[in-house]
Amino acid sequence: MKKKLRHLRRSVLLCVICALCFIACPAQDVVTKVDDFLKSTVEKSHFSGAILIAREGRVLVREGYGMANVEHDVPAMPETKFRIGSLTKQFTAAAILMLQERGKLQTQDAICKHLPECLAAWQQITIHQLLTHTSGIPNVDHTVEARAPMSLAYTLQTFKEQPLEFTPGARFQYSNTNYLLLGYIIESISGRPYDRFLDENIFRPLKMSNTGYDNQEHILKQRAAGYSLRSDQLVNASYVDMSVPFAAGGLYSTVDDLYRWEQSLATETLLSKKSIAAMFTPYKGGYGYGWYVGEQYGRKSLSHGGWISGFAASVARYPDDNLTIIVLSNLDNVPVNTIARHLAGIIFGVKDARLKERKVASVDPRIFDGYVGQYELTPTFLITITKEGDRLMGQATGFPKIELLPASDIEFFVKEFDAQILFVEDGKGTVTHSTLTLNGREARAKKIQ
């Protein structure tokens with residue numbers, strides 16, 4: 001009997017060891033592939049920042065790359081704090097849903113019911129339409145005023161003469177203004193400043209001690225400096241007063257804290273199942289409440305990117321696979337969404353899941369003359385194409401100028417992003433519009449000048 005028990009124990013132990021090897025070995029193989037990919041990405045895209053990959057509640061990769069501060073020779077670490085840009089929208093949306101659960105508002109309420117001041121043109125707009133970017137309120141560029149604080153009164157003054165771009169609810173059009181207004185609604189209803197409401201109701205309960213509303217005046221340990229690339233030259237990013245992006249992009253965080261946040265959305269720690277379901281329901285444009293809801297590699301994906309001067313950020317969740325990928329960078333030219341997508345491809349075993357080096361075609365720079373001008377994506381979001389010597393340059397509203405590299409006579413790409421632009425002629429040699437592709441999303445921009 002004892003002999004049989006010893007044999008049984010030995011068999012069970014062998015099964016456990018085999019099971020552990022089965023789990024650990026593929027994971028280790030994945031970690032090696034990810035590390036190889038990221039080393040290549042550091043070289044090709046000048047990536048600096050931090051990355052966290054977790055699956056089934058287990059962190060596979062948690063690593064810093066490059067420098068958090070080049071001038072002081074400080075390496076980037078997982079603990080480094082990065083501005084996260086539009087990832088802020090997830091927290092703003094969660095705050096609105098919390099207020100709804102507490103009976104303070106309904107997402108179908110008219111926004112003018114809760115704003116201390118409101119424009120006549122906005123009377124029919126609902127909170128839901130702000131959350132889903134279907135309000136019709138244009139995205140006005142505040143780049144010029146980025147160094148000075150911005151208030152609700154100033155925001156309203158900016159839009160006083162701005163008509164809606166479409167009937168509220170008619171279609172999707174991404175606009176940071178929607179989330180600025182949601183921030184003001186949070187303050188108006190809660191009676192608390194936006195940053196304090198988030199701190200008291202989200203960050204503290206989740207022990208996100210390294211996340212907050214950024215303020216350049218505050219001494220913030222392990223804060224990353226922000227950079228931009230200008231013709232392959234690293235420069236300090238332009239200063240932005242964080243009251244300008246506010247509830248649309250004013251937060252900083254770390255990969256660890258964002259993982260805590262992401263994990264909370266798989267439970268009812270902060271929000272009810274009903275609220276979480278509303279957050280991840282795709283409305284027009286595949287946008288939920290602060291998240292894009294779609295499919296990648298045949299799997300459901302929940303994702304969002306963030307960009308702000310000096311920084312880029314991406315969070316991707318594959319809920320059915322219990323996979324999370326977080327990419328934070330202190331270089332605003334880095335294609336973080338593309339990196340996150342390729343990392344997911346590596347995890348899922350997709351062949352050639354890596355950044356491909358595109359070849360620059362040899363073309364006559366004289367053809368660039370026909371492409372120079374302005375291309376309108378929306379009345380307030382333009383792509384300006386210029387020629388500087390033998391180089392074609394592009395600049396989107398609110399973004400830095402970048403070089404467009406030729407793949408052919410009519411198609412150009414951006415080295416730092418997963419972005420392409422195709423110039424389309426009318427058959428008589430006159431360019432009428434361009435087709436833009438960014439991270440797999442395509443849009444048409446009419447040439448207006």
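**Salt bridges and exposure**

Glu388 is partly exposed, because its relative accessibility is 31%, and the class runs between buried (under 20% relative accessible area) and exposed (over 50%), with a 1.4 Å probe and protein chains only. Arg391 falls in the partly exposed class as well, at 26% relative accessibility. The side chains of Glu388 and Arg391 meet in a salt bridge, with N to O at 3.9 Å; the term stands for a side-chain nitrogen of Lys or Arg within 4 Å of a carboxyl oxygen of Asp or Glu.

The model is predicted, so local features need pLDDT of at least 70 and side-chain atom pairs count only at pLDDT 80 or more, while totals for chains, interfaces and linings use all residues. Residues are numbered from 1 along each chain as its sequence is written, and side-chain values use heavy atoms, with hydrogens and water left out.

In total the structure holds 15 salt bridges. One of them pairs Asp214 with Arg83, the closest N and O atoms lying 2.6 Å apart. This pair links distant parts of the chain, 131 residues apart: Arg83 belongs to strand E5 (residues 82–83), and Asp214 sits in the loop between strand E6 (212–213) and strand E7 (227–230). Strands (E) are DSSP runs of at least two residues, numbered from the N terminus. Asp214 and Arg83 are both buried.

Another salt bridge joins Asp364 to Arg366, with 2.7 Å between the closest N and O atoms. Asp364 is partly exposed at 32% relative accessibility, whereas Arg366 is exposed, its relative accessible area being 63%.

How values were computed: Helices (H or I, at least four residues) and strands (E, at least two) are DSSP runs, numbered from the N terminus.
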